[in-house]
Amino acid sequence: MQYNLTGNLNLKYNGAEISANGKIETKTSSALTLSLKAKNITNDTAKDFYQCPIKFIIPTLNINSVVNFNLKNNTANLTKLNIKIPDSSANISGKLNWNDKKNFVYNLALNLDFLLDNIANSFPEYNMKGRIKSDAKVSEKDFSGTINLNNVSFDYLPIAQISKLNADISAKSKNNITLKTASGIFNEGKFNANGSFINKDIKLNLDMDKLKVNTTEGQKIGNDKKTTAKDAGLPREQSSLAMTDKNKTSNAGKTEYYNIYTNININNIDVPYLISKNATLKTSLKSVSADMKKADGNVNLVISTGTITNVDKLAENKYAKLFLLIFNALNNNITSKSKSNGIDYENMTANISFTDGVMKTNNVSIKIPLTTMDVKGTVNFKNENVDLKVNTGLYAAMKITGTISNPKTSFDAVSTAAQVLSGSKNIEEIGQKLGNSLKNLFK
């Protein structure tokens, strides 16, 4: 049986005006053409039919759409879907296909011009403002287009407040995204950035005049008592390591490798567990993964004048713990002249290189008021073996051995003896140096 049906609907309800025109034709393709127009839709319009769990407060909403359905092929041609609210609009067009039961196929063109102020009342805790524009093509496999942020601001308390955010982003595909420019204020700190993600290459250039990050609710920076060097080597990390191993098992799969190139300069840093006047980070790394087993390249990090406010907390990360263990070499001799609970430092430098998963410390040193320490050696990420020597500058050399997950410090008698004998003129001077070494080690 073949037939053609047409119908019209006009409705007014709670100030809204809705009109729909439909046509069904079965002679050739079982086609359904549906046109829908809606004017003056507000939050009150649908409240008698549906209660949204989010208090979604919107200004007046207008909709104009035309959709052509092919009921035999389970496809739809979205000729237009135009959504407008004051100072904002969205235009969508494209094709949909749900013929495949496993996959919903779509290919859409989007044009968005949205003023965040319009939905600020719906999510007052985020205090959103500014404009977002986008012109994009989206499918179930990929996307391309542009995104422009104009004077955007929002809160994510207590951690962050973003304001005056301007950004220009373009994408040729999900593996080819360029951040042409970005600037704004992050927690009162001005920043400028650009970068890209293209075929596993990640590039980032960032300059920032202040970086302040608050702890989340319930966290506390520092301890009630003095943080000592011994805290960095406490064995209580075993429980977190067990959780890490469990996560590794559950997330087992294909390893993703990336190339990372950064040039970052940040002044006036105050983040959980670390305060610094300035930090610069430059990286040129290839084949980077979470386990670093194939990494190649170089890392240069310089941090100046500040305080590690909680060695123990930083040491919960196994990579950070590896280097913080060098403070164990000084035992309890570290003193802090600041009011903060932690370890004062004048300069921390890390120049390290990677060759096929083996890290070499070309220049790793930490200068604190008491002394300057430097670290030499290697860390093999393939077998997790650690072989580092720490010169404390106090005639007490130490060794860090074991594994990345379970590093251990010990007294390096041979290196200590070499330091004691070096430059000594007589037995009395040797005895004095040796006495200082033992005092620094066991005090």
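Which residue forms a salt bridge with Asp113, and how far apart are the closest N and O atoms? The partner is Arg131, with the closest N and O atoms 2.5 Å apart, where a salt bridge means a side-chain nitrogen of Lys or Arg within 4 Å of a carboxyl oxygen of Asp or Glu. This is a predicted model, in which local features need pLDDT of at least 70 and side-chain atom pairs count only at pLDDT 80 or more, while totals for chains, interfaces and linings use all residues. Residues are numbered from 1 along each chain as its sequence is written, and side-chain values use heavy atoms, with hydrogens and water left out.

**Overall build**
- The chain has five helices and 23 strands, these being DSSP runs (helices H or I, at least four residues; strands E, at least two) numbered from the N terminus.
- Of the 443 residues, 35% count as buried, with buried meaning under 20% relative accessible area, exposed over 50%, and partly exposed in between (1.4 Å probe, protein chains only).

- Strand E7 (residues 105–115) pairs with strand E8 (residues 129–139) in the antiparallel sense over nine bridges, pairing being assigned if DSSP finds at least two bridges between two strands.
- Within this pairing, Leu110 stands opposite Ala136 in E8.
- E8 is also joined to strand E9 (residues 143–156) by nine bridges, again running antiparallel, and E8 and E9 form a hairpin with three residues between them.

**Nonpolar cores**
- The largest nonpolar core has 37 residues, and those with the most contacts inside it are Phe186, Ile266, Tyr345 and Met348; such a core is a set of buried Ala, Val, Leu, Ile, Met, Phe, Trp, Tyr and Cys residues joined through side-chain atoms within 4.5 Å.
- Apart from that core lies another, of 18 residues, among them Leu285, Ala295, Val299 and Val379.

- Glu346 forms a salt bridge with Lys367, the closest N and O atoms being 3.6 Å apart.
- Because Glu346 lies in strand E18 (residues 343–355) and Lys367 in strand E19 (residues 358–367), the pair ties together parts that are 21 residues apart in sequence.
- The side chains of Lys382 and Asp356 also meet in a salt bridge (2.7 Å, N to O).
- Lys382 lies in the loop between strand E20 (372–380) and strand E21 (385–391) and Asp356 in the loop between E18 and E19, so this pair ties together parts that are 26 residues apart in sequence.
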